[in-house]
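Here is a briefing on a single chain.

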Amino acid sequence: SSSSSSSSSTTNTKNKKRVTPSLERDLVRAKVSHFLAAHLPLIRTKVKSVLVAIAGTTAHALGKIRQSLYDVTNHPDLLGRDSWNEAIRTVVDVKIVLQQQQQQQQQQQQLDPSSLTSNTTSLKEMEKDQQRKFSLWSALFSNTFSNLVHSLLTSSFHSVHTQVVRSLKQSLANAPHQQHMLLPHEAHRNTLTICRNLDLALTKVSDDAHELLVHAEEREESEGRLRQSLYVQTCEIMGRLLCELRRMMMNNSSSSSSSSSSSSSSTQEYVVGRLCHLLQHRLSSLFILLNPQHAPSSSSSSSSPHGRMITLVELRSAFCLAD
């Protein structure tokens, strides 16, 4: 009886194993692919926060970490890379992941126009990813470092803007309050110094970024991302400076009630006018930073709801004295 009961239990166990449904391979690949596509943005956000905690806002440290990660994830003799590729070939449909990511990034672009640079570039990367496999580097780190570069440039350009405004306010504070006491050559010299410092600072930010953030392994892609980000950041800093200058003039016009404040206001108008004239004609770095071939809109669809980027001619006309 004991032997018969054991045999029956064995038979029941086998039957239970046979009853267990087997999932179809296409169904498993589809589920895993959708799951991976949904969670990759969260993983990249976490990776970005870890990298920021390690490297801070230093371009040199960021470049060294980027090089180390690239070597680790792309070296052909490393087991991690082989395991990743084998897993991708087995359970992931790359086309589903890339299509879902593209839809997510297009929705983000409609909600956040400032993400135009990184999103436009990442769509190019997706097309190339279909040809060169869904590598560990492209899935987790390439787009993450692109966003970090954009954040790093934002901080650098903000520092440039702060320095220019500080220098202008200091120059206005040292200027005589009566316009008849203001020497034109001194006003020209001071405003020319501010303009030259701004031009040198913009050039330095661009040169440092190209030296530290353009990588030999992905030169075409990283340089394209960097140029687009520089274009966007340059437009933003010049727009901020233009708004600051106009805010100064509006505050002067509203506070110029007495004769003393009126003379001080005329002095400030003269200095700001000289600076605007120099900003319109003496910023040689803008010809490189605002090259129309580097504008993000040139690589995006013409039907973009946000339209095209501002051009150099339009930006320079904003500083026209007739305005």
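This predicted model holds 4 cavities of 30 Å³ or more. About 110 Å³ of space lies in the largest cavity. The chain has 12 helices and 0 strands.

**The largest cavity**

- Its lining is made up of Leu62, Arg66, Trp137, Phe145, Ser146, Val149, Leu213, His215, Ser222, Arg225 and Leu226.
- α7 supplies the largest share, with 4 residues.
- By residue class, the lining of the largest cavity splits into 6 nonpolar, 3 polar and 2 charged residues.

**Overall fold and burial**

- Read along the sequence, the pattern is α-α-α-α-α-α-α-α-α-α-α-α.
- The chain has 323 residues, and 40% of them are buried.

**Helix α3**

- The 16 residues of α3 should span 22 Å at 1.5 Å a residue, and the end C-alpha atoms are 22 Å apart, so the two values agree.
- Buried residues in α3 are Ala59, Leu62, Gly63, Ile65, Arg66, Tyr70 and Thr73.
- Seen down the axis of α3, these buried residues fall within an arc of 165°, so they line one face of the helix.
- His60, Lys64 and Val72 are exposed on the other side of α3.
- Two of the buried residues of α3, Leu62 and Arg66, also line the largest cavity.

**Helix α7**

- α7 has 39 residues.
- From its first C-alpha to its last, α7 reaches 57 Å, close to the 57 Å expected at 1.5 Å a residue.
- At Ser142, α7 bends by about 30°.

**Helix α8**

- α8 covers residues 184–213.
- At 1.5 Å a residue, its 30 residues should span 44 Å; the end C-alpha atoms of α8 are 43 Å apart, which agrees.
- Buried residues in α8 are Ala187, Thr191, Leu192, Ile194, Cys195, Leu198, Asp199, Leu202, Val205, Ser206, Ala209 and Leu213.
- Leu213, buried in α8, is also among the residues that line the largest cavity.
- Ile194 has a relative accessibility of 8%, so it counts as buried.
- Ile194 and Val164 are 30 residues apart in sequence, and their C-alpha atoms are 6.6 Å apart in space.
- Asp208 also lies in helix α8.
- Asp208 and Ala59 are 149 residues apart along the chain, yet 8.4 Å separates their C-alpha atoms.
- Ala59 is one of the buried residues of α3, whereas Asp208 belongs to α8.

**The loop between α11 and α12**

- Ala295 sits in the loop between α11 (286–289) and α12 (312–317).
- Ala295 has 5% relative accessibility and therefore counts as buried.
- Along the sequence, Ala295 and Met309 are 14 residues apart; in space, their C-alpha atoms are 6.5 Å apart.

Key. Residues numbered from 1 in each chain as written. Predicted model: local features only at pLDDT ≥ 70, side-chain atom pairs only at ≥ 80, totals over all residues. Heavy atoms only, no water. 1 Å grid on protein atoms, 1.4 Å probe; cavity = no way out; pocket = protein on both sides within 12 Å on 5 of 7 lines; lining within 4 Å. Points joined across faces, edges and corners; volume = space filled by probe spheres on them. Nonpolar A, V, L, I, M, F, W, Y, C, P; charged D, E, K, R; others polar. Expected span 1.5 Å × (residues − 1). Buried < 20%, exposed > 50% of the residue type's maximum accessible area, 1.4 Å probe, protein only. Arc of directions from axis to C-beta. Bend = angle between axes of the 7 residues up to and from the residue.
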